[in-house]
Amino acid sequence: MPKNPTLDQRVEWHIEHVKNCQCRPLAGKILEEIKKRKIKI
Ligand SMILES: [Zn+2]
């Protein structure tokens, strides 16, 4: 994760993360963004 990630970068990071690891379920703003963008995980 970059030091000052943009929302885009955060969303991407979380998507990649959740593919490899379930330590943090997607929630809050990130989950809203993913739904908004109709990204399938
Ligand atoms: Zn993790």
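Residues are numbered from 1 along each chain as its sequence is written. Because the model is predicted, local features need pLDDT of at least 70 and side-chain atom pairs count only at pLDDT 80 or more, while totals for chains, interfaces and linings use all residues.

The protein contains 2 helices and 0 strands (DSSP runs numbered from the N terminus, with helices being H or I of at least four residues and strands E of at least two). Along the principal axes, its C-alpha atoms fill a box of roughly 25 × 20 × 15 Å. Of its 41 residues, 2% count as buried (20 or more other C-beta atoms within 10 Å of the residue's own; exposed is 12 or fewer, partly exposed is in between, and C-beta atoms are placed from the backbone).

Helix α1 spans residues 7-20 and helix α2 residues 28-36; their axes come within 10 Å and cross at roughly 90° (axes are lines fitted to C-alpha atoms, for helices over the stretch in contact, and angles run from 0 to 180 degrees between N-to-C directions). The two helices are therefore roughly perpendicular to each other (65 to 115 degrees; under 35 is roughly parallel, over 145 roughly antiparallel, and the rest oblique). The contact is formed by Leu-7, Arg-10, Val-11 and His-14 of α1 with Ile-30, Glu-33 and Ile-34 of α2 (C-beta atoms, placed from the backbone, within 7 Å).

Lys-38 lies in the segment after α2. Its phi is near 55°, a positive value in a residue other than glycine. Most residues other than glycine have a negative phi. Lys-38 counts as exposed because it has 6 C-beta neighbours inside 10 Å.

Methods
Two residues are in contact if their C-beta atoms, placed from the backbone, lie within 7 Å.
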